[in-house]
Amino acid sequence: MSALILISVLGVVLLYLGFGNNRRLLAPVSIAGLLGALALFTTGWHIENALVLKDLVRFDGFAMAFNRSLILVTVLLFLFGIDYYARMKENVAEQYALMLFSLVGALLLTSFNNLLLLFLAIEILSIPLYVLAGGKRDSFRSGEAAFKYFLQGAFASGFLLLGITLIYGASASFDLPTVQAFAATAQGNVLFLLGLFFTLAGLAFKVAAVPFHFWSPDVYEGAPTLVTAFMSTVVKMASFAAFYRFIEHMQLPGQVHTMLVVMTVFTLFLGNIVALRQSQFKRLMAYSSIAHTGFLLLAFLGTSDRTSGVLHYYLTTYALATVGLFVVLTLAKRAANGDENIRIFRGLFRSAPWLAIATMLLLLSLAGIPLTAGFIAKYRVFALGISTGFVAVTAFAVVMALVGVYYYVTVIREAFTPTADAPQLVVAPLNWLVISFCGVAVVLLGLLPGLIGG
Amino acid sequence: MIAALLLLIPFITATLLMVMRPTQHARWLAMMSSLASLAVVLVAWATYGGGTVIQADNDWVPAWGLRFVVGYDGVGLLMLVLTGLVFPFIIGAGYGEKLQHPSLVNALLLYTQAFLFGVFLAQNILLFYIFYELSLIPVFFLLLYWGGEHRRSITVRFFIYTLLGGLSLLFGLLYCLGQTGMNGDFSALSGLNLPADTQIWLFWALFLAFAIKLPIFPFHSWQPDTYTTAPLQGTMVLSAVMLKMGLYGTFKIVFAVVPEGVEYWRWTVIALSLIGAVYAGIIAFRQTDMKRLIAYSSLSHVGLLCAGLFAGNNYGITGSLYQAFAHAVLVLGLLYLMGALKERVGSSEMGAMGGLKVRMPRLAALFLLVLVNAVALPLTQSFVGEWLMFAGLWQVDGWLAALAVVTIVLGAIYMFYAFQRAMLGPDKWKLEMHDATLRDHLYLVPLIAITLVLGVHPAPVLDLVDAPVQLLLSALP
């Protein structure tokens, strides 16, 4: 709990620092604060079923593991932010503070124990994001992204709230364990069924599962790159944790389960197939993110005590690879005067060989090639899918993984194609650090997967 | 110890080459590394006493059932010897090629070697799968960077095609593990006893990967383009070693896990293989480019290999494994000769050659000696392998054997026709051309010697594979 308070206060402190024009202090202070929070989460807080705030929040092993990963990823993003925001004239403090507030929402999402808190956490997570997505105030596309995200997000929040209300109507409780226990006796209860449908739809919007994915390509493309990276990592991880939390002990009615299966298949199909046609890197990453949602949903189909570990491993490694790639994108985009086409990577190997190799590793990890963490993640998801009896869906996922390899390899191919006018990248030391950290991490976690969530 | 050396020597040298980029000494360093690996492999062969030698048996991630088990049995050792023997020649071929960035080329080659050793050393199916996929990546870059025309699209097609097989294999392996709860060690594979109807569909999930890798008809469409586009050394890696992974995998995994599936699909696979072998033989005859001709001849040979394996009897399987070795030696020689001729004439089109024998009699003689192996004349290595496969197929059905003979006859026709077009005919060359150099001799004479020695005295290799083949046969229905 103290970590949550620390991060919230940190946000306020940053806003004050912003008044005093102490721009140099912003990132160091926030990173120091986050590391403090990380220490709090790591040391004294690892207590099973630690219920706090009148049972509203439950800090168990699952929440702790996710929270540590969330903070770690945010720290990486802030390290990247030092260089990223160096060119921004004003309002830098707000950017950091809003991201911290959003992070608080994310941390609550992983640990909610009450449906009202679920709604609150999602709102705390989302509202700063609506502002952040419009962070480039002079950019038309950024404004468009913010507006789209806000409208569709508000719509999804409405769904979620309606769902929670219906569930309350059926089970007379907001308390998560009570609701989950109620599910076992609620066969044929239409009210409860509808409630589940709407709640899951609201959550599916956050993880960008088909058919609730329409916002993601546009918002990813329009939002500032750092915010896009934040959305595709922290927000996604937290939303999936919430998704898991919600249905963890619940015996899902047959109809809801069918919906989940259909959603998985369509998400896998659409994410991967549409990604094939993308030439803008950010849109490619958006569809790849949808595709990864599909693989992650596969883990939800059956019930197994391994699901939580698989999710944590998959999401953490996915986030590490994604952060690194967005940093590379920013650097390449600068060298290409703002172009985001994947062609800007052409000749990367010539001009910055180690950067190209790190990019290759990150992309291979997303594609799931052996010895990278992404392979182990996919392996575990597939193994889970088969062992819980969803052989056909897993077979389909395997085929889609192959499609996925194609578009990642296309980017690798660009990076390793020689060209006369190779981009001249300027790599700040801190960006270097972030990229290398991500690159080393995906290989290390691929070789020694026991390092996290064993 | 041997396993560790085989994995580490090429890997460390490759990493050194990547980091240091010694343009001057790159080939020399790579050659030393590959010779060291060869020495290790030969020591392993000399000290091999039969059975399965397990060199490491550790849990990797116990919670998820990942295990690190390496070792080898007779067939594995044969493949290790093959890999060890072939790579000095592949690296040696680089002396004539003069590609840009020799340190990177050699690093990629050595990475491939390390991963291939991994494939043949792995004694756990997931470990096997990991190395199997990894070996694809250095080859991908080799093709992408140093390939010929249209390399970008061809390379990606090759990559996707092979990964399709790989992922299908992964799916099949995960299904086996999920259903039986076993740990995936090779020693436990034969005791799986999956239900017969499962085996029938699971066969294709597992075999598809190897069918593409080999490749057999109709999964071969990536092969001719890839072989032609790849740089010489890349083609050598693909044809001399990588396709043997397909054979080894079929022998080691498909036969062990789904014996009843093999029995069920046997005729289908043999038919496809032999159709492919004849079909590729006919196409090879029509080729004008020598590299393309070698690609199709390789396709034809592989069809025969696969048919021999699926004959499923002692002769067929032994012959197929023996021929795998012979084919590697053969294809190295053919490709090297193609490279040597291309270097002199400036093109691998056979229409541009002709009458070269007058200018370079020694090279023509060496060419002929390599061809003798290609057409499986008695006293060569290929004769032993093809005769055994022929006998194996005969035991299954006389007509199959007849079809196999057709491919051998076709092979003789297109090979000698190629020789005729390239070497014989009137001397039309005004310029002076140098005959076979010392390097050419150093390269081709050992290959020819291996062919002849093992053709006359095949026992060392046959002894190696005998015990595993008998073991396998006792498990087949």
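The model is a predicted one, so a few ground rules apply: local features need pLDDT of at least 70, side-chain atom pairs count only at pLDDT 80 or more, and totals for chains, interfaces and linings use all residues. Residues are numbered from 1 along each chain as its sequence is written, while chains are lettered from A and ligands numbered from 1 in the order in which they are written.

How confident is the predictor? The mean pLDDT of chain B is 89, and 99% of its residues reach 70 or more; pLDDT is the predictor's confidence in each residue, from 0 to 100. For the complex, the predictor gives an ipTM of 0.81 and a pTM of 0.88.

Chain B contains 20 helices and 2 strands. Helices (H or I, at least four residues) and strands (E, at least two) are DSSP runs, numbered from the N terminus. The C-alpha trace of chain B spans about 70 × 55 × 45 Å along its principal axes. Some 60% of the 477 residues of chain B count as buried. A residue is buried if 20 or more other C-beta atoms lie within 10 Å of its own, exposed if 12 or fewer, and partly exposed in between, with the C-beta atoms placed from the backbone. Taking contacts in chain B between residues at least 6 apart in sequence, 81% join residues at least 24 apart; two residues are in contact if their C-beta atoms, placed from the backbone, lie within 7 Å.

Chain A can be described in the same terms. Its secondary structure comes to 18 helices and 2 strands. For 454 residues, a compact globule would have a radius of gyration near 22 Å, and the 21 Å of chain A agrees. The C-alpha trace of chain A spans about 70 × 55 × 40 Å along its principal axes, and 58% of the 454 residues count as buried. Of the contacts in chain A between residues at least 6 apart in sequence, 79% join residues at least 24 apart.

Then there is the domain layout of chain B. The assignment gives domain 1 (1-257) and domain 2 (261-477), with bounds that come from an automatic or database domain assignment. The C-alpha centres of these two domains of chain B lie 22 Å apart. Their contact takes 41 residues from domain 1 of chain B and 42 residues from domain 2 of chain B. On the domain 1 side, α3 (74-97), α9 (196-213), α10 (223-229) and α11 (232-257) of chain B each supply at least two residues, and α11(B) has the largest share, 13 residues. By class, this side of domain 1 has 26 nonpolar, 12 polar and 3 charged residues. Ala, Val, Leu, Ile, Met, Phe, Trp, Tyr, Cys and Pro count as nonpolar, Asp, Glu, Lys and Arg as charged, and the others, Gly among them, as polar.

What about the largest nonpolar core? It has 377 residues, of which V323(A), L78(B), L206(B) and L332(B) touch the most other members. Such a core is a set of buried Ala, Val, Leu, Ile, Met, Phe, Trp, Tyr and Cys residues joined through C-beta atoms within 7 Å. Helix α14 (residues 314-345) of chain B gives the most to this core, with 19 residues. Leaving out residues up to four places away in sequence, L206(B) touches L169(B), G172(B), I253(B), V254(B), V257(B) and V258(B).

Where the chains meet, 22 residues of chain A are in contact with 24 residues of chain B. On the chain A side, α16 (373-387) and α17 (391-415) each supply at least two residues, and α17(A) gives the most, with 10 residues. That side of chain A has 16 nonpolar, 4 polar and 2 charged residues.

Finally, some loops deserve a look. The peptide bond from V210(A) to P211(A) is cis, with omega near 5°, and P211(A) lies in the loop between α8 (190-207) and α9 (215-222) of chain A. In chain B, a cis peptide bond joins F217(B) and P218(B), with omega about 0°. L379(B), a residue other than glycine, has a positive phi near 75°, and L379(B) counts as exposed because it has 12 C-beta neighbours inside 10 Å.

Technical notes:
Rg over C-alpha atoms; globule rule 2.2 N^0.38 Å.
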